[in-house]
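Dear colleague,

I am passing on the structure we spoke about, and below it you will find my notes on what turned up in it. Please read them with the model open beside you.

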There are 2 protein chains.
Amino acid sequence: MSSERFEATYEIESPVGLERAAAVIAGEQSTGTFVRLASETDALRDRAAARVESIEKTGTSSTPSLPCRLTGDSYQRGIVRLSWPVANIGPSLPNLMATIAGNLFELAEVSAIRLIDLHVPKSFASALPGPAHGVDGTRALIGVPDGPMIGTIIKPSIGLTVEDTAALVDTLVSSGIDFIKDDELQSSGPESTLENRAKAVMEVVNSHADKTGRKVMYAFNITGEIDEMARRADLLESLGATCAMISLNWVGLSGIRFLRDRCALPIHGHRNGWGLMSRSPHIGISYPVQQMVWRLAGADHLHVNGLANKFTETDDVVREAALAVQAEIPGTSRAALPVFSSGQTVWQIGECGTFLGSQDFLYCAGGGIISHPDGPAAGVSALREAAEAAKHGVPIETWAKDRAALSKALQSFKRPDATALASDAQPS
Amino acid sequence: MSSERFEATYEIESPVGLERAAAVIAGEQSTGTFVRLASETDALRDRAAARVESIEKTGTSSTPSLPCRLTGDSYQRGIVRLSWPVANIGPSLPNLMATIAGNLFELAEVSAIRLIDLHVPKSFASALPGPAHGVDGTRALIGVPDGPMIGTIIKPSIGLTVEDTAALVDTLVSSGIDFIKDDELQSSGPESTLENRAKAVMEVVNSHADKTGRKVMYAFNITGEIDEMARRADLLESLGATCAMISLNWVGLSGIRFLRDRCALPIHGHRNGWGLMSRSPHIGISYPVQQMVWRLAGADHLHVNGLANKFTETDDVVREAALAVQAEIPGTSRAALPVFSSGQTVWQIGECGTFLGSQDFLYCAGGGIISHPDGPAAGVSALREAAEAAKHGVPIETWAKDRAALSKALQSFKRPDATALASDAQPS
């Protein structure tokens, strides 16, 4: 492994030219400093220096996109690819990020910088755990051998008593749903501790499972300190729960990996705070990079927003995110499960399967299930019927003719703009 | 504590007006969803809803600062302050962040959003550990009762063998320095494992300490998985080391807290990746907020960049950051130690003490020490003399007259632009 390298690609803009900017990033993030030291010998550089692998100019701007101490006559834009020896850090994700996403976003030699691609050698990926369950493991736990898995989120997000939550879960489980999750705002406040909530909810879930032979997966939000998460994971396992959810950004890479090693349950990875990394076109990290790091650390389920969502990500970005989550990472044994949510109804589910080329996804709808005119069971049925229509290549309105649940859903829920519903459309 | 609330303040821009945008953030981040549910009762809202505390309009823009699905005739800019019941989450930092910095940066109702202030009740802060050592604990371990602590960073950042590192440490310790740190790129790759490096370095440090009675603090970068960090912290303690460094963003809040609970050493908090949160004027988190969260989790030392640094933060931002790190958080017993670094020489150290109103800081210089024409010992002496000059209110050039080390440093190192060197200056 000693000669192997990992590679990161950046979209940058620079007041000093792409070549100079790429060299500064490479120097700052490996053997260089602002003055060349005698101890930066050729042998040391051979061993540890980052290398500029390629530079592609894509355009020029007359003004800097971000505040920048250095100024230029113009600001070159382009794509630069850098590589580092794996031996600088070994297969360590927190140290990978310190190298490829560390003290480089504030460099004066760039006036915009986004980390857009990452490749690690097979030996690096295979030294990390990756998801323990992924798609197949999740399907096996829920008992859904094919088709998309249908889920929902407990709402209101926060404020329900434990008893109210359990009562709502009873209604939802009765609807034939596959998956239910805590909202990311619902952690373990004094009014609804994780302990009390898990006991009450699992009593309901287990009681239904005893009757039906199929156990709904409930993702409990165990986000907290390391020792708290360990205790909560143990409790979930002892109660027969089948999923633990965490806020990936705040638990951190070391926290995700801890849970992966400590807990036998699938890890439902919630990306709240992701907008910080993704919304600006001038600074940030792309989801194909971020999801790879989270997956290698052990996340089984990864949120990707939804087509025609209520936030600001375009459908193109959502498609790229979901495809990345299900793509193979050489050296790992399984992909993660993409989770669609945010304003999702019968209108988008078919297209999710179409553009993914697979039914291996979790589709979370809130209002899209609970607000169905014939109740949540009809809401769940309508979503399954909508997915079937797309799988058979039949227009959803045609498929709905003999299917009351789908038919009423199509009348009840507003059809989003057409861009989200056709694979070949180019959202603005 | 049940009626107590935490408050977050945002600088926002909105296509739908500040009132509407603030209401959407409050709803999304507490009891609301995109349709009002019957179960969102008044009692539930009283218990758990976020509240808009104040709205201050500061301006209007004709175009959105960030890509935004919603458009408006104009985009109002202003400051909105929201509060949440502590009982929603209890005193949990990862869940605090999921609430105040979660799914809100991508809302279509804002075309720019920065989290700029945070207040937590005393009871919330006092339920968290905070720094175990802070300023006084660090001074006691190093044996520097007053004046700034002088430090440096091993360079080249990465690629030195363990033997080369130990030899450089020998030179640096002989110079009379107080503090040395691994670069954040130097973690535990196969060429310089933490274990081998710590043994070799501590042999040098301990050997000097045996002779001088004063032990230089070396901050070893133990960034890694939870179990690795635990083992490494144990090793450091067994070797007589006095500081552990971590990459705060990648270890995560749960990881920082783990180390605070597990390890008796001061935690040197490295903020690499911080540019992601700070560089855009349109999206991000301010350092006064971020440092508070890191401090409450247990970081003892926090990087704040440097005056006239080589990056793009202005001196105003650096001053605000350092003042925040040393400010009291009600409910906690000690502040953290601000760490200045990045292109620091004799020219900036005096002003650091002046604007802080205190000599309680760690001043890290690389070239500013090692490149002194009379060697590193003269480099360290020159920095101490420069700090003394400012403390006595004497111009640095006057103070240098009878002091060879300072005098030669002033000739050798380029004076930065005047803005960094005067408290009342307004950097552009």
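In chain A, the C-alpha centres of domain 1 and domain 2 lie 36 Å apart. Please bear in mind throughout that this is a predicted model. The division behind that distance places residues 5-126 of chain A in domain 1 and residues 134-412 of chain A in domain 2.

The two domains of chain A

The contact between the domains draws 19 residues from domain 1 of chain A and 21 residues from domain 2 of chain A. Together domain 1 of chain A and domain 2 of chain A bury about 1700 Å², and 71% of that area is on carbon and sulfur atoms. On the side of domain 1 of chain A, the residues that lose the most area to domain 2 of chain A are Leu93(A), Arg114(A) and Leu118(A), which together account for 33% of what that side buries.

As for charged and polar pairing, the count of salt bridges between domain 1 of chain A and domain 2 of chain A is zero, while seven residue pairs, both members at pLDDT 80 or more, are in polar contact between these domains. Helix 3, strand 4 (112-119) and helix 4 (122-126) of chain A are the elements that give two or more residues to the side of domain 1 of chain A that touches domain 2 of chain A, and strand 4 of chain A provides the largest share of that side, with seven residues. By class, that side of domain 1 of chain A holds 13 nonpolar, two polar and four charged residues.

The contact between the chains

Turning to the pair of chains, 85 residues from chain A and 84 residues from chain B take part in the contact. Chain A and chain B bury about 7400 Å² between them, with 59% of it on carbon and sulfur atoms. Of the area that chain A buries against chain B, 11% is supplied by Trp250(A), Leu276(A) and Arg279(A), more than by any other three residues.

Across the interface of chain A and chain B there are four salt bridges, one of which pairs Glu225(A) with Arg257(B), with the closest N and O atoms 3.8 Å apart. The number of residue pairs in polar contact between chain A and chain B, both at pLDDT 80 or more, is 28. Several elements of chain A each supply at least two residues of the side that touches chain B, among them helix 2 (42-48), helix 3 (93-100), helix 8 (226-239) and strand 10 (283-285). Helix 9 of chain A gives the most to that side, with eight residues. By class, the side of chain A that touches chain B has 37 nonpolar, 36 polar and twelve charged residues.

Local features

Most residues other than glycine have a negative phi, and most peptide bonds are trans. Against that background, the peptide bond between Lys155(A) and Pro156(A) is cis, with omega about -5°, and Pro156(A) is found in the loop between strand 5 (149-153) and helix 6 (162-174) of chain A. In chain B a cis peptide bond likewise joins Lys155(B) and Pro156(B), with omega about -5°. Ala308(A), although not a glycine, has a positive phi of about 50°, and Ala308(A) lies in the loop between strand 11 (301-303) and helix 12 (315-326) of chain A.

Over all chains the count comes to 40 salt bridges. In one of them the side chains of Glu7(A) and Arg81(A) meet, at 3.1 Å from N to O. Glu7(A) lies in strand 1 (residues 5-14) of chain A and Arg81(A) in strand 3 (residues 75-85) of chain A, so this pair ties together parts that are 74 residues apart in sequence.

With best regards

Key
Residues numbered from 1 in each chain as written. Chains lettered and ligands numbered in written order. Predicted model: local features only at pLDDT ≥ 70, side-chain atom pairs only at ≥ 80, totals over all residues. Heavy atoms only, no water. Contact = heavy atoms within 4.5 Å. Buried area = accessible area lost by both parts, 1.4 Å probe. Polar contact = N/O pair within 3.5 Å; in protein donor to acceptor, adjacent residues only side chain to side chain. Helix = DSSP H or I, 4+ residues; strand = E, 2+ residues; numbered from the N terminus. Nonpolar A, V, L, I, M, F, W, Y, C, P; charged D, E, K, R; others polar. Domains from an automatic or database assignment.
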